[in-house]
Structures are given as structure tokens and as C-alpha cells.
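This report describes a structure chain by chain and then turns to the contact between the chains. The sequence and model are shown first.

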Amino acid sequence: MGKLRFITWLVLVMLIGQPALALVTDLSNKRIEIRYSFNGADLILFGAVGSSAVDPVNDNFDVVIVVRGPEARTVIRQKAKVGPIWINDESLTFPSAPGYYAVAASRPLSQIASDAVFASYGIGFDHLPLLANTPRGLAAPDGEFRSALFRLQSNSGLFRQEQDSVIHVGEGLFKTDIRLPANVPVGDFLVETFIFKDGSIKARNRITLAVDKEGFERAAYDFAHGYPFWYGLVAVFVALTAGWLAGVLGKK
Amino acid sequence: MPLYLPIAELSMNIFLVIGMGAVVGFLSGMFGVGGGFLMTPLLIFMGIPPAVAVATESNEITAASVSGALAHWRRQGVDVKMGLVLIVGGAVGSFFGAQVFTYLRSLGQVDLMISLAYVVFLGSVGGLMFWESVRAIYRQYKGIKPKLKPREDRHKAWIHALPFKMRFRKSRLYISALLPLGIGMFVGVLAAIMGVGGGFVMVPAMIYLLGMPTNVVVGTSLFQIIFVTALTTIFHSVNTQTVDIFLAVLLLVGAVVGAQMGARLGLKLKGEQLRALLALMVLLVCVKMGVDLVVEPTELFSVGEAGSH
């Protein structure tokens, strides 16, 4: 009987105690404003892990941080040779691919946990759930197009995996850099932090980050998209005035 | 110093943008051309999305043509009636050009269309110009003087056979309105799909097809370009929201300074030498565009433009 009770107790602890660690995270800046001088942004994420809210964890733990940008319709096109020239031929549309996706970790992912664990939480390029428009409706995309999406977005700095590392400061404290390139999409970002120990997840939390155009940049964008005819008219007026002014100044 | 362009949605170095304007302005001041055919490919080459490059360059050309057109206006160098007929044609052409542009953009084929248009038009215009200027230089070297045809014989018979004849006093012409309408329409299409003013087609067409006297050709062409590029700017703004005023104004600042210096250098060179150099430059852009179409790209895949629905 004693043995059974012990096992029941153990199972209960395992079930209830799944997020056995307390985790808090924060960003150096939770609202990124795109203004005229915007050329990308570097943020710092701080976090602390404790076995309870007061006791810091000092033994080995791993941190994986996933930042996801707003999802948008993304088209990938493939060039093919038609006659003597190369033209865009086949294309694949991802109705909602993240516009930004970054994974930072304290060690190479393969050393932190097994592929199956990452797959179950959808962590990493290879496990990111992605669907594409196909003739049969929404379906898993062709592997070539999927890897092209990652390659192209990585080249423009929008997808980053294992390029940034999480640094252990000590006493359960850790930090990492989050780099947003100048071409970052605007919208709401999710920053998820996962704490791993012995290959399984011990704690997770999520905080949000907003990227938005501000001030004049926001006004110009809204004007161009909300009132395109009037924007065009203003553009012409500005051009005529500037051109006339340039002529006057040029003569002097 | 980086500057975020809110419509293009990317960040560019402000001095690089002004510098690009200055270099193109210098060349256009030296050769007396608008420079759209140099600026649009340069913008695309610098990573500006093609749709933004074409639409923004239309806006810049409007600005760049104002002072020239005013100067010609004061010198009585604008045939307003002819200009208006060209503008009507240009408006129709630009409207359809912008529609085609928007449609092809949604198919992901707008880059191809821009490249093909550049290769075909720059290739043929540059080739003709090069041939003509080399012949002129050769003749001058040999001392041959070409015989000028009398003005009355300049029109081909089929031009006189066209209906809807109109009198253009300033150009001293009595020709069918269909001809300038057609030319205006063609140039309007080019303006909308290539991000050019179209002077490189308009000026030869006015001289060789319409037989306009040279003192009103450039002024009338600039007059027409202002209106057609202004309309093109509005069409692109409504269809695709790709006109970046800030980029256009910055390019203009550089272009104004560059054009002043270019014009000074241009005065020191002979007309046919200038034309030969210009032709070479036109052909160079054409060849660059052509090679990019033919050579296998290192990356076969590309991400579609964000706005293409």
C-alpha cells in the first residue's frame, strides 16, 4: 500500500508541479517607435528563474527565447527559365507567416532537448507550424518553398535562429539581445521564454512587444493608405512647389 | 545618417539618396535629359521595391521638369495646344499603364515587365541615337554636309491621309490630332510602367514624326511631362500606395545641385559628342537590364512584395 501511495503522490507532484519554477521576464523597451531616424532596434530581455518566487535557481538550466512578429500573407516566387530569360514562374502563398521570428538559446538547441520536445512546442524554424494555399486548400507547404521562405527572411534579418545567445548572469538571472532590423513589420510581437532542465520544459511565460510607426511617419503612412487620391494630389503639389523653388534657388 | 522612408518601409542613408540624386542630376543636366531612365533602375538596384521606385520617380520627374518648363514658357517655347492634345493622350495612356502595372504586380511579374520595357525601349532609342551621332561625328570628320529636306516634305504621305486635322499655330503645323494623341498615349504608358518622363521617345517623335520646329520641342515636351507624370503619380498612389514623397524630395534636392554642375560641363562638349555619350549610357543601362534577365540568378526564389494582394 505504501508503495502505491508513494507512486500516486509522485504522479500528482509531476502533474501539478509541471511548471515547477517561477519565471519573470521583462524587456528594456516594450514599445518600439519607428520614427524618421529608425534603423532597426536592439532590445534587451531580462529574466529570472526561481524554484519559488524567492529562491533563485543556481544549478544548470537552459533558456530558449522565441520572438514572433505579426503574421502576414507572404508570397514566395520561384524563377524558371522561359526561352532565354528567367522569369517568376511558380509561387506559393503562406496566408499567415510570421513577419519576424527569432530564436535565442543558452546553448545550441540540439544540446538542450530532443527534437520531439521542440516539435511539440513548435520551437524553431523546422517546427514552426506553417500552412500554404494549395489547390487542395490549406496544406503543409512544399519543402523547397518552405526552406526558401526561411532562407530569404534570414538573409533580410527577419528570421534569426541561434544567432543570439542567452547569457546566464548568475543567481537565476539571464539576459539576451533581441535585434529588430530596419525592415521589421509593424504590429504586436510575442516574446516567449522557455526554461529547460534535463531536456524538458520546467517553466514558460510570454510577454508582448509592440512595434509601431509614430508621429509624422505614422501620419504619412495612414494618409497614403487611407486617402490615396488626396495623398497623390499632395505629392503632386509638393513636387510642383519643390520644383519651382529649386528653379528659383538654382538661378541665384 | 539613416532615414526611415515610411511608404517604402525601409531605412536608407540620407546622404546616399541625395548623392544618387546628384549623380543622376549631373548626367541629366549635362545631356539635357530627364534622367528617369537612370534613376528608376538605380533605385531598384539599391533595393527599393520596383513599384515604389517607379511611382516615386514619376513624382520626382514632375518636380524636376517644373523649372525647365517655366524657362521655356517665358521664352515662348511651349506650343500649348499641341501640349494639351499630347496630355489628353498621355492621360489615357498613363491610366491604362497604371492598370496594367497593378495587375502585373499582383501576378509578381512587374519586375519582368519593367526590365523588358527598359531593354526594348532603351535598346532601340540608344541604338538609333548612337548610330546617328557616330554618323554625324564621322561626317564632320570627313567634311560632308547632309542636305536638309524642305519642311513641307518632312511628313510621310500616310500622315497627311489621317482624319481630324487640327491647326497648331505655334508649331506651324496642320496635321491630324490622332498623331499627337497616339504619341501622347504611348508616352503615357511608358511613364506609368517605367517611371520615366518619356522625353527620350517624345522628343524624337516630335521632330521626326510631327515635324515640329526645334525651338518648341523641348518646352512642349516638358510641359506635357509635368502633367502626365503628375497624373501617373496620382494613379499609382490610388492603385498601389507606393509614392514616397520623402524619397522624391530628397532625390530632387540632389538632382537640382547635380544638374547645375552637369549643365556647365555639358556646355563645353559638342552636341554630337554629347549624344554619343548619352547613347552609350542608355545602352549601358539596357545591357545591364538585359544581362540580369538572361543570366541564371544565384537565388531563384524571392519574397513577393508585401502589398501585393
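## Domains of chain A

In chain A, 38 Å separates the C-alpha centres of domain 1 and domain 2. Domain 1 covers residues 20–213 and domain 2 covers residues 215–252, with bounds that come from an automatic or database domain assignment. The model is predicted, so local features need pLDDT of at least 70 and side-chain atom pairs count only at pLDDT 80 or more, while totals for chains, interfaces and linings use all residues. Residues are numbered from 1 along each chain as its sequence is written, and chains are lettered from A and ligands numbered from 1 in the order in which they are written.

Between the two domains of chain A, 4 residues of domain 1 are in contact with 5 residues of domain 2, a contact being a pair of residues whose C-beta atoms, placed from the backbone, lie within 7 Å. The domain 1 side of this contact has 2 nonpolar, 2 charged and no polar residues. In these classes, Ala, Val, Leu, Ile, Met, Phe, Trp, Tyr, Cys and Pro count as nonpolar, Asp, Glu, Lys and Arg as charged, and the others, Gly among them, as polar.

## Make-up of chain A

Chain A has 6 helices and 14 strands. Helices (H or I, at least four residues) and strands (E, at least two) are DSSP runs, numbered from the N terminus.

Of the 252 residues in chain A, 29% are buried. A residue is buried if 20 or more other C-beta atoms lie within 10 Å of its own, exposed if 12 or fewer, and partly exposed in between, with C-beta atoms placed from the backbone. Among contacts in chain A with a separation of 6 or more, 68% are between residues 24 or more positions apart.

## Make-up of chain B

Chain B comes to 11 helices and 5 strands. Its radius of gyration is 20 Å, close to the 19 Å that the globule rule gives for 309 residues, so chain B is as compact as a globular protein of that length. The radius is taken over C-alpha atoms, and the rule is 2.2 Å times the number of residues to the power 0.38. Along the principal axes, the C-alpha atoms of chain B fill a box of roughly 55 × 45 × 40 Å.

Buried residues account for 52% of the 309 residues in chain B. Of the contacts in chain B with a separation of 6 or more, 81% involve residues 24 or more positions apart.

Helix H4 (residues 80–107) of chain B has 28 residues, which should span 40 Å at 1.5 Å a residue, and its end C-alpha atoms are 40 Å apart, in agreement. The expected span is 1.5 Å times one less than the number of residues in the helix. Just after H4(B), B:Gly108 has a positive phi of about 80°.

Helix H7 (residues 178–194) of chain B, with 17 residues, reaches 24 Å from its first C-alpha to its last, close to the expected 24 Å. In H7(B), 14 of the 17 residues are buried, so this helix is largely enclosed by the rest of the structure. B:Gly195 follows H7(B) and has a positive phi, near 65°.

## Single residues of chain B

B:Glu9 is in the loop between E1 and E2 of chain B and counts as buried, with 21 C-beta neighbours inside 10 Å. B:Gln241 is in the loop between H9 and H10 of chain B; this residue is buried too, with 21 other C-beta atoms within 10 Å.

B:Arg135 lies in helix H5 (residues 110–142) of chain B. With 13 C-beta neighbours inside 10 Å, B:Arg135 counts as partly exposed. Its C-alpha atom is separated by 25 Å from that of B:Gly34, 101 residues apart along the chain.

## Contact between the chains

The contact takes 44 residues from chain A and 42 residues from chain B. On the side of chain B that touches chain A, the elements that each supply at least two residues are strands E1 (2–5), E2 (10–13) and E5 (301–303) and helices H3 (50–74), H9 (214–240), H10 (245–268) and H11 (271–294). H3(B) gives the most, with 8 residues. By class, this side has 26 nonpolar, 14 polar and 2 charged residues.

Strand E5 (residues 71–82) of chain A pairs with E5(B) in the antiparallel sense over 3 bridges; strands pair if DSSP finds at least two bridges between them. A:Arg77 has B:Ser302 as its bridge partner in E5(B).
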